[in-house]
Amino acid sequence: MFGLMQDRPLMISSIIRHASRHHAQTEVVSKTIDGSIHRTNYAALEIRARRLVRVLQTLGIGRDDRVATLGWNGFRHLELYYGVSGMGAICHTINPRLGPKDIGFIIDDASDRVLFAETSFVALVEAIAPAIADTLRAVVFMCDAADMPQVSLPPGMAGLCYETLMAAADDEYAWPEFDERQAASLCYTSGTTGRPKGVLYSHRSTVLHAMAISAADVFGLRAVDRVLPVVPMFHVNAWGLPYAAPAAGSALIMPGRHLDGASLTQLMNDERVTMSAGVPTIWMGLLNYLRSSGQRLHSVRSLVIGGSACPRLLLDAFDREYGVRVDHAWGMSETSPLGTFNAPGQASAAYQGETLLRHREKQGRGIFGIDMKIVDDAGAALPWDGLAQGNLLVRGAWVASGYFGEAPGSACDADGWFATGDVATIDALGTMEITDRSKDVIKSGGEWISSIALENIAVGHPDVAEAAIVAASHEKWTERPVLVVVARDGCTIEVDSVLALYRDRVPSWWLPDAVIVVDELPHTATGKVHKLTLRMRYRDHLLRAKEISDLR
Ligand code: AMP
């Protein structure tokens, strides 16, 4: 017997409709490209999203069509999120930090029909346009008529102005209801190994994820919150905040392209931001700025860190020096992205000092809706004892089942488990800790050394700005860790004092065999250290060093 409850489809448009009816006056504040502040509210934004659908219709966009964006976090990008998905088309956010070749590949792979781009990307658009002239019909610049740039596009590809199109359109449109499994948005993985692959989110997965991440033990969003997504809208839908904030009735504060410590401090204080989210590099920049300028954050209660392991320095410094809680989260494009969140539990709430810090370095418990397990290379489940390291597998209603263009279910096993490519431990409290990407783990004499653990210790050194551990080939042990470090401005790194940090904190055989000081580390388009480049660069470092010493 079925229950007798309404079976209404979970629609992305229902989020903006809810916000416009129940939180009509709640603000959406955007820092524009020129640095000025634009203010609107959910009621006005919902009307503009409907007007945008009318624009999309005149551009020939219909159900299933892919609409690409090259945009910063701002109100027009938010209108695109709701307009495109709301009408049943697919919003394809593109990371502008990828190279023109990768962007061309992605647009072609997705068969994007129209591209919405910020005016700051004119040169990029001109560089990619010739290669995608068969696919793309028009580029719409997200600006007023007065700011419309001069742009040279191939014949047949129109260069249009967002506000001119909006001014000519009406907003007589009613949000349709359709199957909640309809695709809503598309985001390509960063492609640090091989070609980027498209993750295709549905209305159902997006709405469920938005509800799950608002929970008290995740982002804990409330209608009194003012949320600043620093994480870009082209990085896994800004971790779901553009959906979760309006659903909760929280205000959205959009930083545009101004992500340096000084700009963020000013925006956070001027706009009374209570919660924000981003990758560790951003919060490192903010911390350095606060320390050097002597400024404080007046309203922020929580900074969520994810995307890379959160160094202990950030967990500790924001809390102790600024009274701001740093929350550690884990996820990936294929998990929409939230999978785990480190909130206190019945036992860990009592932790203090070193025990607490050590616990908070972990990536957290699975949030409700995500199931996880760790397995050995033969696929056998490993114990949750905080010691056994294994491949991390997840499944849930917002985990990918296949990549764009591939069959449903092709990205997971017969039981629906998706292999994350991360290596992790899970402790008796259910707290997961990422120890590595499976391809970054160092296999020394048959034992595994965690590169993340070693990196976290290195960045705790006062002279170290950034650190990466890579596996170098070794005659006897197969692989040994090599530490590559960048010095803080004005500091000189003493190798011995960095190595001294490891004593008593890790087994002695984990100590890096070499420490290499460099001016900068290579980064991926999402701001993570490009391990593949480093691995290729330093793979033979120890063998070469040995050859030289043998010659002597
Ligand atoms: P992406 O799909 O580009 O967002 O990358 C996802 C990957 O980033 C994950 O599979 C992890 O390897 C890494 N990652 C994300 N969050 C964390 C975290 N909190 N700690 C360590 N690694 C993380």
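## Pocket and residue classes

In this report, Ala, Val, Leu, Ile, Met, Phe, Trp, Tyr, Cys and Pro count as nonpolar, Asp, Glu, Lys and Arg as charged, and the others, Gly among them, as polar. By that scheme, the lining of the second largest pocket holds 9 nonpolar, 6 polar and 7 charged residues. The model is predicted, so to speak of local features pLDDT of at least 70 is needed, side-chain atom pairs count only at pLDDT 80 or more, and totals for chains, interfaces and linings use all residues. Residues are numbered from 1 along each chain as its sequence is written, and side-chain values use heavy atoms, with hydrogens and water left out.

A pocket here is found on a 1 Å grid over the protein atoms alone, as an open set of points where a 1.4 Å probe fits, with protein on both sides within 12 Å along at least five of seven lines; lining residues have an atom within 4 Å of a point. Of its 22 lining residues, Arg358, Glu433, Ser450, Ala453 and Trp510 lie nearest the centre. At least two lining residues come from each of α12 (353–360), β20 (432–437) and α13 (451–458), and α13 gives the most, with 4 residues. Helices (H or I, at least four residues) and strands (E, at least two) are DSSP runs, numbered from the N terminus.

## Two domains

The domain assignment gives domain 1 (8–216) and domain 2 (442–551); such bounds come from an automatic or database assignment. Their C-alpha centres are 41 Å apart.

## Two open sheets

Strands pair if DSSP finds at least two bridges between them.

Strands β18 (residues 390–396) and β19 (residues 418–426) pair over 4 bridges, and asparagine 391 stands opposite valine 423 in β19.

## A salt bridge to look at

Side chains of opposite charge can pair when their charged atoms come close. With a salt bridge taken as a side-chain nitrogen of Lys or Arg within 4 Å of a carboxyl oxygen of Asp or Glu, the whole structure has 31 salt bridges. In one of them, aspartate 144 pairs with arginine 76, the closest N and O atoms being 3.7 Å apart. Aspartate 144 sits in the loop between β6 (138–141) and β7 (158–161) and arginine 76 in helix α3 (residues 75–86), so the pair ties together parts 68 residues apart in sequence.

## Backbone details

Most residues other than glycine have a negative phi, and most peptide bonds are trans. Serine 111, in the loop between α4 (100–110) and β5 (114–117), has a positive phi near 50 degrees. The peptide bond from serine 336 to proline 337 is cis, with omega near 10 degrees; proline 337 is in the loop between β14 (325–331) and β15 (338–341).
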